[in-house]
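Please view the sequence and the structure together before reading on.

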Amino acid sequence: MKASKIVISPFIALIRFYQSAISPFFPSACRYSPTCSQYTIEALQKHGLFKGGWLGLKRIARCNPWGGRGYDPVPEKKCSHKH
């Protein structure tokens with residue numbers, strides 16, 4: 001297992017706990033697809049703890065009655081090599 005997966009796995013476990021044990025007791029309120037919790041998991045897996053966590057927090061902050069709605073996927077990683 002890569003070091004980055006070891007670092008993010010406790011955070012993903014917390015989100016999955018929320019998805020299975022807490023979220024079902026509240027009405028669905030997420031305005032986006034994928035849901036904010038699934039988006040955060042994907043962001044952590046794709047971008048790592050710091051950038052993925054930041055993307056997840058920004059998404060949660062946007063998920064409000066005055067924010068947007070609709071399909072909002074996790075952005076792709078930018079290519080880091082120069083030509």
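Just after H2, Gly48 takes a positive phi of about 90°. The model is predicted, so local features need pLDDT of at least 70 and side-chain atom pairs count only at pLDDT 80 or more, while totals for chains, interfaces and linings use all residues. Residues are numbered from 1 along each chain as its sequence is written, and side-chain values use heavy atoms, with hydrogens and water left out.

**Overall layout**

- The protein chain has 3 helices and 2 strands; helices (H or I, at least four residues) and strands (E, at least two) are DSSP runs numbered from the N terminus.
- Along the sequence, these elements follow the pattern α-β-α-α-β.
- The C-alpha trace of the protein chain spans about 45 × 30 × 15 Å along its principal axes.
- Of the 83 residues in the protein chain, 25% are buried, where buried means under 20% relative accessible area, exposed over 50% and partly exposed in between (1.4 Å probe, protein chains only).
- Among contacts with a separation of 6 or more, 71% join residues 24 or more positions apart; contact means heavy atoms within 4.5 Å.

**Helix H2**

- H2 covers residues 36-47, and its end C-alpha atoms lie 16 Å apart, which agrees with the 16 Å that 12 residues should span at 1.5 Å a residue (the expected span is 1.5 Å times one less than the number of residues).
- Its buried residues are Cys36, Ser37, Tyr39, Thr40, Ile41, Ala43, Leu44 and His47.
- These buried residues pack against helix H1 (3-22) and helix H3 (49-62).

**H1 against H2**

- The axes of H1 and H2 come within 10 Å and cross at roughly 165°; axes are lines fitted to C-alpha atoms, for helices over the stretch in contact, and angles run from 0 to 180 degrees between N-to-C directions.
- That makes H1 roughly antiparallel to H2 (angles over 145 degrees count as roughly antiparallel).
- From H1, Ile8, Phe11, Ile12, Ile15, Arg16, Tyr18 and Gln19 meet Ser37, Gln38, Thr40, Ile41, Leu44 and Gln45 of H2.
- By class, this contact of H1 with H2 has 7 nonpolar, 5 polar and 1 charged residues; Ala, Val, Leu, Ile, Met, Phe, Trp, Tyr, Cys and Pro count as nonpolar, Asp, Glu, Lys and Arg as charged, and the others, Gly among them, as polar.

**Arg59**

- Arg59 belongs to helix H3 and counts as buried because its relative accessibility is 0%.
- Beyond its neighbours within four places in sequence, Arg59 is in contact with Cys30, Tyr32, Ser33, Pro34, Thr35, Cys36, Tyr39 and Asp72.

Note on methods:
Parallel < 35°, antiparallel > 145°, perpendicular 65-115°, else oblique.
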